[in-house]
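Please keep the sequence and the model in view while reading.

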Amino acid sequence: MTHDSTILVNNINISPQDSSWNGKNTNYQVRFRGYLKPFKLGRIFFEIRPDNGIRIWLNGEQVLNEWENTLNVVRTFTYDFKSYYPVSILVEYFNNTGGH
């Protein structure tokens with residue numbers, strides 16, 4: 001297992017169309033969908049430090065399910081890439097009041 005690369009998603013700005021949004025609401029939930037193209041084959045180590053709950057699926061397989069109101073707890077998982085074809089990724093994340 002190697003640790004080769006970092007993907008950083010930080011300071012996500014969410015601005016819903018709802019006119020009641022005032023920028024002070026820190027309770028929200030986000031869903032990201034996309035694809036990951038592996039840079040090498042084999043087992044890849046992932047590390048994430050969410051500010052509250054997170055769930056992740058790769059190719060439809062749930063690889064992380066930490067839907068808890070925790071703060072800055074490091075979560076890890078591995079995934080075995082068997083080909084260079086992109087795999088689908090779905091990330092669900094929630095932030096509760098406070099933290100960061």
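Is glutamate 68 buried, partly exposed or exposed? With a relative accessible area of 37%, glutamate 68 is partly exposed; here buried means under 20% relative accessible area, exposed means over 50%, and partly exposed lies in between (1.4 Å probe, protein chains only).

## Basis of the report

The model is predicted: local features need pLDDT of at least 70, side-chain atom pairs count only at pLDDT 80 or more, and totals for chains, interfaces and linings use all residues. Residues are numbered from 1 along each chain as its sequence is written, and side-chain values use heavy atoms, with hydrogens and water left out.

## The sheet

Four strands make up an open sheet in the order 1-6-3-4, and their pairing is antiparallel. Strands (E, at least two residues) are DSSP runs numbered from the N terminus, as are helices (H or I, at least four residues). Two strands pair if DSSP finds at least two bridges between them. Strand 1 and strand 4 stand at the edges with a single partner strand each, so one side of each has no neighbour in the sheet. From one strand to the next, the twist averages 10°; axes are lines fitted to C-alpha atoms, for helices over the stretch in contact, and angles run from 0 to 180 degrees between N-to-C directions.

Strand 3 and strand 6 pair in the antiparallel sense over five bridges. The bridge partner of isoleucine 56 in strand 6 is valine 91.

## Salt bridges

Side chains of opposite charge can pair when their charged atoms come close. A salt bridge is counted when a side-chain nitrogen of Lys or Arg is within 4 Å of a carboxyl oxygen of Asp or Glu, and by this rule there are five salt bridges. In one of them, the side chains of glutamate 92 and arginine 31 meet at 2.4 Å, N to O. Glutamate 92 lies in strand 6 (residues 87-95) and arginine 31 in strand 1 (residues 28-36), so this pair ties together parts that are 61 residues apart in sequence.

Glutamate 92 counts as buried, at 7% relative accessibility. Glutamate 92 also forms a salt bridge with arginine 55, with the closest N and O atoms 3.0 Å apart. This pair links strand 6 with strand 3 (residues 54-58), the two residues being 37 apart. Another salt bridge joins arginine 75 and glutamate 68, whose closest N and O atoms are 3.5 Å apart. Arginine 75 is buried, at 13% relative accessibility. Salt bridges that share partners join Arg31, Arg55 and Glu92 into one network.

## The nonpolar core

In soluble globular proteins, nonpolar side chains tend to be buried together. A nonpolar core is a set of buried Ala, Val, Leu, Ile, Met, Phe, Trp, Tyr and Cys residues joined through side-chain atoms within 4.5 Å. The largest one has 13 residues, and those with the most contacts inside it are Phe46, Ile56, Leu58, Phe77 and Tyr79. Strand 2 (42-48), strand 3, strand 4 (61-66), strand 5 (75-81) and strand 6 are the elements that give two or more residues to this core.

Leaving aside neighbours within four places in sequence, isoleucine 56 is in contact (heavy atoms within 4.5 Å) with residues including Ile48, Phe77 and Val91.

## Around isoleucine 48

Isoleucine 48 is found in strand 2 and is partly exposed, at 25% relative accessibility. The C-alpha atoms of isoleucine 48 and arginine 75 are separated by 5.2 Å, although these residues are 27 apart along the chain.
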